[in-house]
Amino acid sequence: MVFTPPLNLELTNPAVKAIRPGESIDLDPDRKTMGFTVLLVEPGDQRVITFQIRNTGSNPALLQNLSPKNPDSSSGVSVQWPTMNNVVLDAASTSPEFTVLVMWEPSAIGAPEGVVNFSAAIQYTQYSPP
Amino acid sequence: MATRRKNLYIVFGVLAVFLLSAIVYAALTGLLTFNGTALLNASLRVEFVNDPPTTPTIEGGVDTGNDEEVEVSASGQTLSFTVYLEEPGESKEVTFHLENMGTADAELTNFSSGPVPDGLTVDWGDDILDGLVIDAGATDGPYSITVEWDIDAIDPADIGALETRNGTDYYVAALSATLNYIQATP
């Protein structure tokens, strides 16, 4: 007998569009953490990261409280996270594709070359219809 | 004694409730995390292509037995060529391709050319090349440089040295062009 947890969300289908040499994307074994590295080559350059979320639990789940930690504006890098707050995922379903956009700001011509880190987390809970 | 045992049961019961609550909470909530890194790393480099089938050529070039009649420097930045001209009015065309080896789009500025002997007119292709944008990773061309022995040139010796190849006399001019480029504005 397979035990289905009451609530479990996993990340799935991670991808960097038109991935370049030197870029990478992967999931932790528990599929709850996604890590990626993208290469920005000039001001105005942008990279698109996509993923989906799969509900492998037996109850619907509600995504909420997206908490990003974006780069400082002086880095020249901006990150646009997808709208995930208040998204409901039915049991045994997979979300539409979400997109993260990472950009070297066009105006940041003098931005120093280097490494810029950023992150985000989103919480999920069991969804109870009103 | 009975009271102490009863109190212990109460404590264990409360702890069990808290533990059960934590387990239930953990089972009914979770976190998805995203960790990203952006590497800002632009490189700028354009070169004359020197690989077949787009190695530089001279149209109507003389078979001198010398493979270095047209030569790309080791850095890929300079194109050196030798033209063999028989008489005034004759012209030779050097054809080449360019490749953006860098990770940023590049905009060509004017060639920096070597000295041009008197009696020769050289069209370096500035009207096309100056301001040309080559995308990162792209190869562009063919482009050409045209060298013409002026019809009114007085002294052929101004062109260069006289050489005889396969029974034909040529005046030989050695010329070169070096790339200049900047990062293209997005």
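I'm counting strands as DSSP runs of E with at least two residues and helices as runs of H or I with at least four, both numbered from the N terminus. On that basis chain A reads β-β-β-β-β-β-β-β-β-β along its sequence. That makes 10 strands and zero helices in chain A.

**Ground rules.** This is a predicted model, where local features need pLDDT of at least 70, side-chain atom pairs count only at pLDDT 80 or more, and totals for chains, interfaces and linings use all residues. Residues are numbered from 1 along each chain as its sequence is written, while chains are lettered from A and ligands numbered from 1 in the order in which they are written.

**Confidence.** I looked up the scores: ipTM is 0.94 and pTM is 0.52. pLDDT is the predictor's confidence in each residue, from 0 to 100. Chain B has a mean pLDDT of 84, with 89% of its residues at 70 or more.

**Where the chains touch.** I call two residues in contact if their C-beta atoms, placed from the backbone, lie within 7 Å. Chain A puts 40 residues into the contact and chain B puts in 22. On the chain B side, strand S1 (residues 29–40) gives the largest share, 12 residues. That side of chain B splits into 12 nonpolar, nine polar and one charged.

Strands pair if DSSP finds at least two bridges between them. I traced an open sheet of six strands with mixed pairing, in the order S2(A)-S3(A)-S1(B)-S10(A)-S5(A)-S7(A). Its edge strands are S2 (24–27) and S7 (88–89) of chain A, each pairing on one side only. S1(B) runs antiparallel to S10 (residues 114–126) of chain A over 12 bridges. I checked two bridge partners in S1(B): Ile122(A) has Leu32(B), and Tyr124(A) has Gly30(B).

At the S2(A) end, S2(A) pairs antiparallel with S3 (residues 33–40) of chain A over four bridges. Ser24(A) sits opposite Thr37(A) in S3(A). These two strands make a hairpin with five residues between them, and Arg31(A) in the turn has a positive phi of about 60 degrees.

In chain A, buried residues are 27% of the 130. A nonpolar core is a set of buried Ala, Val, Leu, Ile, Met, Phe, Trp, Tyr and Cys residues joined through C-beta atoms within 7 Å. The largest one has 64 residues, and those with the most contacts inside it include Leu40(A), Val77(A), Val102(A) and Ala38(B).

I followed Ala38(B) across: leaving out residues up to four places away in sequence, it touches Val38(A), Leu40(A), Val77(A), Val102(A) and Val116(A).

**Val116(A).** Which strand holds Val116(A)? It lies in strand S10 of chain A. Val116(A) counts as buried because it has 22 C-beta neighbours inside 10 Å. With residues up to four places away left out, Val116(A) touches Pro71(A), Ser75(A), Val77(A), Ala38(B) and Leu40(B).

Terms used:
Ala, Val, Leu, Ile, Met, Phe, Trp, Tyr, Cys and Pro count as nonpolar, Asp, Glu, Lys and Arg as charged, and the others, Gly among them, as polar. A residue is buried if 20 or more other C-beta atoms lie within 10 Å of its own, exposed if 12 or fewer, and partly exposed in between; C-beta atoms are placed from the backbone.
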